[in-house]
Amino acid sequence: MSIAAYQLGDHVTLKEIANAVAHGLTPIVEVESMDGIYTVRFHHANDVSDLSDAHGKTRTFLGTGEIRDLLGGIGLTHGVLTWGDQCGDEMIGVPGHALSPDEMLASGTRIAFR
C-alpha cells in the first residue's frame, strides 16, 4: 500500500500510525508539554493527527519516558518537544502571543525516541 493511500484523520491510534510508518510514512512528531501533561501530534502531508486511544480520545502522558518507548518501538527515532503553555510571563509584565504551530515546531527542542 502506498503512502498516499494512508488518509490519517484528526485522531490516529498507535496501531494506525505504526502501520503507516511501516509503509513509509515519515511524519514530524511533536510532543507538546502543557503544564506537565504531554500530548503527541503527527505532522504529515499538510495535516496534523493527534495520538488517540481506540475511542478517539487524545492520549495524555505524565512524562516523556512512555512516549519515547511507544514511538521508538514503532520505528520513530526523534521528535520535537514544544511548550503550549509558555508565550510570556504575566507575573513580571512580559507580554506574549500564542505561537502558531509552525513557530512552535521551529522553536522546540529536538528529542530522541531511540
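Glu-32 is located in strand S2; helices (H or I, at least four residues) and strands (E, at least two) are DSSP runs, numbered from the N terminus. The model is predicted: local features need pLDDT of at least 70, side-chain atom pairs count only at pLDDT 80 or more, and totals for chains, interfaces and linings use all residues. Residues are numbered from 1 along each chain as its sequence is written, and side-chain values use heavy atoms, with hydrogens and water left out. Glu-32 has a relative accessible area of 6% and is buried, where buried means under 20% relative accessible area, exposed over 50%, and partly exposed in between (1.4 Å probe, protein chains only). The side chain of Glu-32 makes a polar contact of 2.6 Å with that of Arg-41. A polar contact is a pair of N or O atoms within 3.5 Å; within protein, one must be able to donate a hydrogen and the other to accept it, and residues adjacent in sequence count only if both atoms are side-chain atoms. With neighbours within four places in sequence left aside, Glu-32 is in contact with Ile-37, Tyr-38, Thr-39, Arg-41, Thr-82, Gly-84 and Met-104 (contact means heavy atoms within 4.5 Å).

Strand S2 belongs to an open sheet of 6 strands with mixed pairing, in the order S1-S4-S3-S2-S5-S6; two strands pair if DSSP finds at least two bridges between them. The edges are formed by strand S1 (11-12) and strand S6 (109-112), each of which pairs on one side only. Strand S2 (residues 28-34) and strand S3 (residues 37-44) are antiparallel and share 7 bridges. Across this pair, Val-29 has Phe-42 of S3 as its bridge partner, and Glu-30 stands opposite Arg-41. The two strands form a hairpin with 2 residues between them, and Asp-35 in the turn has a positive phi of about 55 degrees.

S3 also pairs with strand S4 (residues 47-51), in the antiparallel sense over 4 bridges. Here His-44 is placed opposite Asp-47 in S4. The hairpin of S3 and S4 likewise has 2 residues between the strands, and Ala-45 takes a positive phi near 40 degrees. Of the 8 residues of S3, 6 are buried, so this strand is largely enclosed by the rest of the structure.

The largest nonpolar core has 21 residues, of which Ile-17, Val-31, Val-40, Phe-42 and Leu-71 touch the most other members. A nonpolar core is a set of buried Ala, Val, Leu, Ile, Met, Phe, Trp, Tyr and Cys residues joined through side-chain atoms within 4.5 Å. At least two residues of this core come from each of helix H1 (14-22), S2, S3 and H2. The most are given by H1, with 4 residues.

In H1, the buried residues are Leu-14, Ile-17, Ala-20 and Val-21. These cover an arc of only 130 degrees around the axis, which puts them on the same side of H1; the arc is that of the directions from the helix axis to the C-beta atoms. Exposed Lys-15 and Ala-22 are carried on the face of H1 turned away from its buried side. The elements covering the buried residues of H1 include S1, S3, S4 and H2. After H1 comes Gly-24, with a positive phi near 110 degrees.

Pro-27 occupies the loop between H1 and S2 and is buried, at 11% relative accessibility. Beyond its neighbours within four places in sequence, Pro-27 is in contact with Val-21, Phe-42, His-43, His-44 and Leu-76. The C-alpha atoms of Pro-27 and Ser-49 are separated by 9.8 Å, and the two residues are 22 residues apart along the chain.

Helix H2 (residues 65-73) lies across S2, S3 and S6 and runs at about 30 degrees to S3. Axes are lines fitted to C-alpha atoms, for helices over the stretch in contact, and angles run from 0 to 180 degrees between N-to-C directions. Ile-67, Leu-71 and Gly-72 are the buried residues of H2. Viewed down the axis of H2, they fall within an arc of 115 degrees, so they line one face of the helix. The face turned away from the buried side of H2 carries exposed Asp-69 and Gly-73. Cover for the buried residues of H2 includes H1, S2 and S3. Apart from neighbours within four places in sequence, Leu-71 is in contact with Leu-14, Val-29, Val-40, Phe-42, Leu-76 and Phe-113. Just after H2, Gly-75 has a positive phi of about 100 degrees.
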